[in-house]
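Student: I've got a model open and I'd like to learn how to read it. Could you take me through it feature by feature?

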Amino acid sequence: MESLDSLLKGVSSQIFQAGAIDKPLITKRRSRMCVGVRASHRYLLPDGVILNVSGSGATYFMEPKEAIELNNMEVRLSNFEKAEEIAILSLLTSEIAESEIEIKYLLDRILEVDLAFARAAYAQWMNGVCPIITSWGCDAINSSEEDYALSVDIDAIQHPLLLEPSLRSFSDVTSNSGNAVQLGNGNGTMTSPSLIGGASDYPVPIDIKIKCGTRVVVISGPNTGGKTASMKTLGLASLMSKAGMFLPAKNRPRIPWFDHVLADIGDHQSLEQNLSTFSGHITRICNILEVASKESLVLLDEIGSGTDPSEGVALSTSILQFLKDCVNLAVVTTHYADLSLLKEKDSQFENAAMEFSLETLQPTYQILWGSTGDSNALSIAKSIGFDINIIDRAQQWVEKLMPENQKERKGLLYQSLVEEKNRLESQARRARSLHAEILDLYHEIQNEAEDLDRRETALRAKETQQAQQEVKTAKSQLEVVIQEFENGLRTASADQFNSLIRKSEAEIASIVEAHCPRDAFSVGDTDTKSYTPQIGEQVHVKGLGRKLATVVEAPEDDETVLVRHGQIKVRVKKSNIRSIASSERNSATSSVPRIRLKRQGRQSKEFQGRPEAKKDEEVSYGPLVQTSKNTVDLRGMRVEEASYHLDMAISASGPYSVLFVIHGMGTGAVKERALEILNDHPRVVKYDQENPLNYGSIGNPPEELKLPSMGLESMKSRQEIADIVRSLWPESTVYGLSNGNFMASTHENGSPSQPSSIVVTDNIFCIFTGALENTTELRRHYGLSRQATDAMVVVAAYKVLRDRAPYPSDQVIKDLEGKFAFILFDARAGTLFIARDREGCIELQWGMAGDGSLVCCNDPNIIREACGKSCAPFPPGCIFMNGSGLTSFVHPLYKVRAVGREDDNGHICGVMFQVDLYTRLPSIPRTGSATNWADNAAVHGGE
């Protein structure tokens, strides 16, 4: 084989050098190795054998004369190999045939294990609970729990078949969350962290409560009210329990063992079998009565319907009387009010009604056990838009047929029951809310109490650090005064010595006075007896140390005041409250002691009094270069801690210096407090708030997009672009990233041929548009489930490339077949990854914003409004990464260049990118580590 390969490579190179082919081509035709050559140059292979011809006839696949014998040898060896494979497979087949019995036994056991795992997986998926199956009758129940009086007790069960679609859509979002799953918690409940608290409210859960001794349950209620669905839910619960499956319910459901579940649901009329609606029902009921036993469950929908109401009621009553004595439980639905009267004569009958809201004229799908429901046919017909004249005439007939007193009494009773139910539900919700607030307050107080030791240690360390910083600051200020005094001595005359000494002594005295400790709680001459706190005022409370509290209620007659500290409200005596001095009120919410402000005020006066700081002269500040020494980072701190650190940083800064403050976003409390301090601090001359231009962008766009004649005045900032997206895509989904960047996706302008989806997993954001043709193959390659979307496949490919792949990124993108374009951002690694298919079937534009950041969008209107003329189509068959720039995955060996387009006046009006086949790259950079994916550019600004 090596000789054949080397021979064919040599021949192919000669053909290529002779211009007989575009590039050397070695392939296999008719199981023989050959080379490709143009039809016009086949004379280059004299005595060569033509094995095949291309579809256009322009290329011949020929076997050189020198390779014929080597190909013959390869064919012989291949035949020998196949014969040996057949012999080995025959031997293995015979061995398997001898173990047929053992294999079938293992297959049966595997099927049992697979069935058990399938039941467990289904139970985990729907967050099911294990049912308790009881024996027939109530004797077994009463023997263990004498007070238990229900044969069927199921809380909040949902119809399994109706529940599956909502769970499937919910699990698609959380399938890649990576959370661990707990299969059992010891009480028969399957718990899944991805589904707890996220289970769908559709379908509406119902409670099924059937007392012991009840043999027949008659369910009445409005049309489309859920009678049939509730009955089906009971039947499915019985079958699932018999199959060993968990139920989509709460608590521990109890259900008897039924040997048969017999149902007559739906319309069984048939022209072929000569069955009407009524005869179809009767035929099914007849078959049910023949096979029913004492342990059977019978479900009959709309019993006795399809015939004369009087005869239907009589026949239905007889059937139910018969079922009462021959089955374990029968559940029927009906609109016949007479069937609900059977409960008054026989305790083995039970009534149930489907709830109907008279306020909304809509069913609530809840079962009211022991009640009788109305059909509410006229209300339902009115709600679906039936002719109002017909409904009015029908209402008149109902009033004639129904006695007035009975109608009024029934309506008032139902209304009073509904009002009582709503009142109890409101009280229960308020009780739950109060209970939750009390628990939160309890936990907060408990955490405060448990954290006292740690806080005391932290406070001591902070005070120590503060004292050391004060000493350091005082020394530096004294050194400045001494240095100025020594410099003045060299240049001053004898007459100026006294004034120079007095000036230095005054400065030293002011420094010493500023650093002398004072009582932070002194109230001066404030008369505490005459002081009356006002609502909303912040005061000192005895017992809280240096912390502040806010007055919630004015003083009462008993001389007590309600104040709030954090989330805790407490009533204290008025004598224990002290007002805040006027010098402190501008910074009342700060935890910085008042001594800081006085010292800073004197320092400010000191530096303002120097000759070089006169108001008429221009002050020269330090360079606007951010370093670790002139930056204070308040992110992650609480308001009090942030106030302290900011005050210390301002105090430690030298005169006429620049300080950078990073406050973060969050709730905005730290930002507001920082602005208050900067506005009121005596040492701060001016400050600039955050600017979007200070934020760092994700990825640097090519410089070719910013040409001199483009007209930069039409380019927008990132905030303006976000406003444009929200105005044009009001239903879009927007994800805010770090440093003011964002990603947005919408389905408003989507089409079936070019679907768009977005996936967020493991701090990776990916917007994918289009469709892959080899999704199934890629799912199997990356080990993904069948539910994985194209966007999930792209994320999986990126993770493999980032973490393990030893080959260039273009090799991964080459595996994607179809029409696609995607934008991927790894927030953890700071990686931006953009790609477009080979043919450019999916629209994708990119450009440069006014602040120099990169903008990508598939909507030309947005990109033109955001970037003006500084935009261009993203080149097909290319990828862009913020670490390595723009490259081609179709021609990875060649460079991608920008080509400008000129208008009639010779001005550059646009730019496009294309592969330069004449400029070859020196090498393909190897990728595969997280470091190579990181952005090499520095990010400016702060959050």
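Tutor: Let's go from the whole chain down to single residues, keeping in mind that this is a predicted model.

Student: How many helices and strands does the protein chain have?

Tutor: There are 23 helices and 34 strands. The chain has 943 residues, and 36% of them count as buried. For contacts, look at how far apart the partners sit in sequence: among those between residues at least 6 apart, 63% join residues at least 24 apart.

Student: What should I know about nonpolar cores?

Tutor: The general idea first: in soluble globular proteins, nonpolar side chains tend to be buried together. Here the largest nonpolar core has 30 residues, and those with the most contacts inside it are Ile154, Ile208, Leu234, Leu329 and Val331. Helix α6, residues 227-242, gives the most to this core, with four residues. Another core lies apart from it and has 29 residues, including Cys766, Leu824, Ile879 and Phe889.

Student: Beyond its neighbours within four places in sequence, which residues is valine 331 in contact with?

Tutor: Its partners are Val217, Ile219, Met231, Leu234, Val298, Leu299 and Leu300.

Student: Now helix packing. At what angle do α18 and α22 pack?

Tutor: About 150 degrees, with the axes 10 Å apart; α18 covers residues 718-728 and α22 covers residues 860-867. Angles over 145 degrees count as roughly antiparallel, so that is the label for α18 and α22. Their crossing is right-handed.

Student: Which residues of α18 and α22 meet?

Tutor: From α18 you have Ile721, Ile724, Val725 and Leu728, and they meet Ile862, Glu865 and Ala866 of α22. Sorted by class, that contact has six nonpolar residues, one charged and no polar ones.

Note on methods. Residues numbered from 1 in each chain as written. Predicted model: local features only at pLDDT ≥ 70, side-chain atom pairs only at ≥ 80, totals over all residues. Heavy atoms only, no water. Core = buried A, V, L, I, M, F, W, Y, C linked by side-chain atoms within 4.5 Å. Buried < 20%, exposed > 50% of the residue type's maximum accessible area, 1.4 Å probe, protein only. Helix = DSSP H or I, 4+ residues; strand = E, 2+ residues; numbered from the N terminus. Contact = heavy atoms within 4.5 Å. Axes fitted to C-alpha atoms, helices over the stretch in contact; angles between N-to-C directions. Parallel < 35°, antiparallel > 145°, perpendicular 65-115°, else oblique. Left-handed = near helix turned anticlockwise from the far one by under 90°. Nonpolar A, V, L, I, M, F, W, Y, C, P; charged D, E, K, R; others polar.
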